[in-house]
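Thank you all for making time this morning.

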Amino acid sequence: MLWLIGGVCALFVAAAAYWKHSLTLSGAAAAFVMGTVYFGAGNLLWFGILLLFFISSSLLSKFKQANKEELEKSYAKTSTRDAGQVLANGGAGMLLCILNAIWPHLGWVFAFIGVMAAVTADTWATEWGGLSRRPPRSVITGKIVPPGTSGGVTLLGSTAAALGGLLIGLFGWLFAELSGMSGQGMEYLLAGIAGGIAGAFADSFLGATLQVMHRCQVCGKDVEVLAHCGQPTRRIRGLSWMNNDAVNFLSACIGGIAAWLLALAV
């Protein structure tokens, strides 16, 4: 029965997101499968956190969207998420949900909080950071870089990342209490903050070092896309397979590990 209810709920959410152009058709299909698993194999905590991430991130992506349109031309993925983005952001959490269903352990839960805090923090940092009046600085060198540069961070974006992680930790605690699960509130909050900050900065570091990047041969801007200004771009650095989705997935895993380790230490 839980799987049936989860499927109905996931279908409703995915269809609404597709209708509001927050998901592509492939993204909606992936979200339907993922939501069904989160509800069927998990409980309120797992499905609620997934929903919280998706709703908050979708709303932020639409906030002052006109101001971000120029930046999005440099990104390989836009605010309308496809299946790759959905799996990159929620795939690690879905695996943890399945593992917890097979072998229940609080460690899986804290790792999940960290994973979802990481993807939430990264999304919030990107959306809010794109509105910063101050130019971003490279997470590697500290030098000013053009807006939209992978690996660029701002104070506004970093603050948003911490708040996003805190929100996931706070609601993780709330949903855990409502679900009758164990664990202290401080553990959930620390897991959220640690996962959010670790994941967001891991994303920036990987974006500045290993992510594949291209240069526009017209305007000279470094971008993630294969074409810019109407012309093909030239690859300048990074691993060919390390695209934006791979960076997001790895950053989520790093956030999960950081949250799990910190929760164990307290």
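Predicted model: local features only at pLDDT ≥ 70, side-chain atom pairs only at ≥ 80, totals over all residues.

Let me begin with Ala15, which at 43% relative accessibility counts as partly exposed, where buried means under 20% relative accessible area, exposed means over 50%, and partly exposed is what lies in between, with a 1.4 Å probe and protein chains only. The place of Ala15 is in helix α1, and helices here are DSSP runs of H or I with at least four residues, while strands are runs of E with at least two, numbered from the N terminus. Ala15 and Ala29 are 14 residues apart in sequence, and their C-alpha atoms are 8.9 Å apart in space.

Residues are numbered from 1 along each chain as its sequence is written, and side-chain values use heavy atoms, with hydrogens and water left out.

Staying in this part of the chain, please look at the loop between α1 (2-19) and α2 (25-41), where His21 has its place. Most residues other than glycine have a negative phi. His21, however, has a phi near 65 degrees, a positive value in a residue that is not glycine. With 54% relative accessibility, His21 counts as exposed.

Next comes helix α5, where Asn100 lies. Is Asn100 buried or exposed? Asn100 is buried, because its relative accessible area is 14%. A polar atom of the Asn100 side chain lies 3.1 Å from the backbone nitrogen of His105, which is a polar contact, meaning a pair of N or O atoms within 3.5 Å, where within protein one must be able to donate a hydrogen and the other to accept it, and where residues adjacent in sequence count only if both atoms are side-chain atoms. If we leave aside neighbours within four places in sequence, Asn100 is in contact with Trp46, His105, Trp108 and Val109, and contact means heavy atoms within 4.5 Å.

Thr120 is buried, with a relative accessible area of 0%, and leaving aside neighbours within four places in sequence, the residues in contact with Thr120 are Phe53, Ser56, Gly164 and Ile168.

In helix α7 we find Ala161, which counts as buried at 2% relative accessibility. Which residues does Ala161 contact, leaving aside neighbours within four places in sequence? They are Ala121, Ala125 and Ala200. Ala161 and Phe201 are 40 residues apart in sequence, yet their C-alpha atoms are 9.1 Å apart in space.

Phe201 itself is found in helix α8 and is partly exposed, with a relative accessible area of 35%. Together with Leu163, Leu166, Ile193 and Ile197, Phe201 makes a nonpolar surface patch of about 380 Å². The elements that give two or more residues to this patch are α7 (155-178) and α8, and the largest share, three residues, comes from α8. Also in α8 is Leu190, which is partly exposed at 25%, and the C-alpha atoms of Leu190 and Ile113, 77 residues apart along the chain, are separated by 9.7 Å.

A word on how patches are defined: they are made of residues with over 30% relative accessible area and no salt bridge, joining like charges within 9 Å and nonpolar side chains (Val, Leu, Ile, Met, Phe, Trp, Tyr) within 5 Å. A salt bridge is a side-chain nitrogen of Lys or Arg within 4 Å of a carboxyl oxygen of Asp or Glu, and accessible areas come from the Shrake-Rupley method with a 1.4 Å probe, where for residues only the protein chains shown count as cover.

I will finish with helix α9 (residues 244-265), whose 22 residues reach 32 Å from the first C-alpha to the last, close to the 32 Å expected at 1.5 Å a residue; that expected span is 1.5 Å times one less than the number of residues. At the start of α9, a side-chain oxygen of Asn243 reaches to within 3.3 Å of the backbone nitrogen of Asp245. Buried residues in α9 include Asn248, Ser251, Gly255 and Ala259, and the buried residues of α9 pack against α5 (83-102), α6 (106-129) and α8 (185-209). Phe249, also found in α9, counts as partly exposed at 34% relative accessibility, and, not counting residues up to four places away in sequence, Phe249 touches Leu87, Ala88, Gly91 and Ala92.
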